[in-house]
Amino acid sequence: LARFGAAAWALARGVAAQRTGTLSSEESPALTIEACEAGVCQPESTKITMDMNWRWLHNKDAYNNCLTDAGWDQDLCQTPEECSRNCMLEGVDAKGYSDTYMAAATGSELKLTFPKAPRVYMTETDGNYKMFKLLNREFAFDVDLSSLPCGMNAALYFIEMPVDGAKSDLNQAGSKYGTGYCDAQCPHGKFINDKANVKNWTTHQARNPDGEWIEVGPEGQYGICCAEMDLLEANREAGAFTAHPCKYPGQKQCQGDEECGNKDKDNVGWCDKDGCGFASYRMGDQKFWGAGDGYAVDTSKPITIVTQFVTSDQTDTGDLVEIRRLYIQDGKVIKNSEASALPSGGDSITDALCAEAAKTFNATTYGYGELGGLKAMGQALGRGMALSMSIWDDDFGRMLWLDGEKGRFDDNVTEAGVRRGECPFDFGTNKDLIDYANKNGPVEVKFSSIKYGKIGSTHPSIGSAYVEKFQAPSDAAPHVSDNVGRRGAPASLAAAAALCAAVLVAAAALALASRAREWRRRRGAQLLPGEECPGS
C-alpha cells in the first residue's frame, strides 16, 4: 500500500514461516468470483485466508507466545532457524473468522469490519494463492465504502508473493495460513521467507507528520520486497490507484537503507514506495469522489470499479503502457476524472503522466521511473500476482497521504499536489477512529462481485463506453456516459465508418481495435496501421 512506509505498520505487514498448530483447524471462508470471456462470465470457487500476523504464534510444545512486547522468546528463538522449528501457527475456524476477526464471506461478498478485521488473501481451493495474470486484461469488483470516514483505508491490491507462501521445511504452514507476504514498502516483519527476523530486533526513530522523531517498531534487520499494484486505497472522502514497480522479479530480501529504501533520507531502494498513483482530488477534480449526489462517483452508495491493463500491442505478452479506470454506478459508466492539475492532463496512469506528476508536485525522488515504470509493473503482472484485501488505519501517519488537507505540519497547502482531500490534519489516530465507530456504528468495507477477463468482458456496458466518450452531445453531464452511442454523426461518415469496421472485423477483433484506437487518439498518440477509419 502506497504509504505504509511508516515503521509503526511494519509488523502488521510482515512475512511469516511456521509450522502448523493443532489446537484449531483452518476453515478459510469460501468466496465466489467470476472469470469472463467475450461478455460471458463463469463462476470460480476461491477461499480467503488470514495473514499470519493476526494468528496465534506459540511454542510447539506448549502455549507460550513466541513473540511478546518484550521481544522474541530466547528459549525458543536463539537463531532464525530454531525459531521456525519451535513455533507453531494456529488455524482459525469458521466462527473465528466471522465472529472473532470480523471477516465474513457470503457468496461473492467479503465484509471486513474495523478494528478487528485482518488482512486477507485469495487462495485456490487447494490452498495456494490464486495468481492473477492481468496483462491485456481487466479486473472488476464492487465496493461499499459508505461507512469509512477520514483516516480509514479500504484496500484491494496485488503483490508478487510466492504462490505457495514460501513454503519449505521450515515453513510448513504456507499460503493456506497466510505466509509469504511482501510489498513495495519492503516490510521488516516477523519472518522473512521461512526464517524468523530475530537479528537486531529493535525499535528505531521515524519522523511523523507533526515533524517529531519518535520511537516506532520494533522490527528486524531484514525486509522483503516485491512489486505491488494497488487497485483501490480509499474511504468515503478520497481514493487512489497506484503502481509500485520493483527492481527485481518476485521476492527479494533486503537490508539497510540502500536496498530497503528510506523515505526520510530520500533513499529509493529496490521498490518504489511512493508509486505513481492517480488520486482524483490531488489531480485537480475535487468533485469527482465523495459522499452525496454532488459527486461524479457517490461513495455513499456501492460502486463498481473496473481497472484495465493495456499493452503496447494488445496482446498478453506486450509491454504495459497504460492503466485505465472506469466506474459504474446506477447503471451508468463513469470515466475517470481528468488530471487538470497537470499541464498535459490525462485520465489514466501512463509513464508520461507519472513523469509530469513528479515534476509538477516537486517530488524529491522518482523511484517509479528509476525502477522501470509501467514496463516493470507489467512484467510483474505478467508473471502473476496474489490478491490482498484489508481495512486499516494508520496511527502514525493518520492516512494524510490519502485524504488529508496536508501531509506534514509545514506543508504549503497552496502548492500543487499538497492537498489530497478535505480531511483535517489533526484527525486520524487509532483513538479517533475507535471513537468514531463507537459513536456512529460499524466501520466496514464490503468487497463483492469480483470479475476478471479480457478487456471489455466483465460488464456489458463497458464495451460501448469508449464509443460514447467521443460522440456524446456537448451538453452531456460531466464524467457520465449518456448511452447515446455514435448518434449524431453524418450519414455518409457513418457509412464509411461502418465499412471500415467491417474491414477491421475481418482482420482482427473489432471491439478491442476500436477501443485501442479511440484511447490512443484521445491521448494524442499515433494511430497504428489500419486504424485510419473515417468518422472515428
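## A first look at a predicted model

Let's start with the contacts: in the protein chain, counting pairs at least 6 apart in sequence, 73% of them join residues at least 24 apart. Contact here means heavy atoms within 4.5 Å. What you're looking at is a predicted model, where local features need pLDDT of at least 70, side-chain atom pairs count only at pLDDT 80 or more, and totals for chains, interfaces and linings use all residues. Residues are numbered from 1 along each chain as its sequence is written, and side-chain values use heavy atoms, with hydrogens and water left out.

The protein chain has 11 helices and 29 strands. These are DSSP runs numbered from the N terminus: helices are H or I with at least four residues, and strands are E with at least two. Of the 536 residues in the protein chain, 55% are buried. Buried means under 20% relative accessible area, exposed means over 50%, and partly exposed is in between, with a 1.4 Å probe and protein chains only. The chain exposes about 21300 Å², and carbon and sulfur atoms supply 50% of that. Those areas come from the Shrake-Rupley method with a 1.4 Å probe; for residues, only the protein chains shown count as cover.

### Cysteine links

How many disulfides does a search of the whole structure find? The search turns up nine, a disulfide being a pair of cysteine sulfur atoms within 2.5 Å. Here are some of them.

| Disulfide | Sulfur to sulfur | Angle about the S-S bond |
|---|---|---|
| Cys150 and Cys423 | 2.1 Å | -80°, left-handed |
| Cys182 and Cys226 | 2.1 Å | 95°, right-handed |
| Cys276 and Cys354 | 1.9 Å | -90°, left-handed |

Take the disulfide of Cys150 and Cys423. This pair links distant parts of the chain, 273 residues apart: Cys150 is in the loop between strand E12 (137–144) and strand E13 (152–159), while Cys423 is in the loop between helix H7 (400–403) and helix H8 (430–440). Both Cys150 and Cys423 are buried.

Next comes the disulfide of Cys182 and Cys226. Cys182 sits in the loop between E13 and strand E14 (191–192), and Cys226 in the loop between strand E18 (222–225) and strand E19 (228–234), so the pair ties together parts that are 44 residues apart in sequence. Cys182 and Cys226 are both buried.

Then there's the disulfide of Cys276 and Cys354. The pair links distant parts of the chain, with Cys276 in strand E22 (residues 276–278) and Cys354 in helix H4 (residues 351–360), 78 residues apart. Cys276 counts as buried because its relative accessible area is 6%, and Cys354 counts as buried because its relative accessible area is 2%.

### Strands side by side

Strands of a sheet pair through backbone hydrogen bonds, either parallel or antiparallel. In this account, two strands pair if DSSP finds at least two bridges between them.

E4 pairs with strand E7 (residues 87–89) in the antiparallel sense over three bridges, and His58 has Met88 in E7 as its bridge partner.

Elsewhere, strand E16 (residues 202–207) and strand E17 (residues 213–219) run antiparallel, joined by five bridges. Ala206 stands opposite Ile214 in E17. E16 and E17 form a hairpin with five residues between them, and Gly211 in the turn has a positive phi of about 85°.

### Charged pairs and a helix

Side chains of opposite charge can pair when their charged atoms come close. The structure holds 19 salt bridges, each a side-chain nitrogen of Lys or Arg within 4 Å of a carboxyl oxygen of Asp or Glu.

Which residue's side chain meets that of Arg383 in a salt bridge? The partner is Glu160, at 2.6 Å from N to O. Glu160 lies in the loop between E13 and E14 and Arg383 in helix H6, so the pair ties together parts that are 223 residues apart in sequence. Glu160 is buried, with a relative accessible area of 6%, whereas Arg383 is partly exposed at 38%.

Helix H6 (residues 373–383) has several buried residues, including Leu374, Met377 and Leu381. Just after H6, Gly384 takes a positive phi of about 115°.

Lys130 and Glu124 also meet in a salt bridge (3.7 Å, N to O). Lys130 is buried at 7% relative accessibility, and Glu124 is partly exposed at 29%. Glu44, Glu124 and Lys130 are linked in a network of salt bridges.
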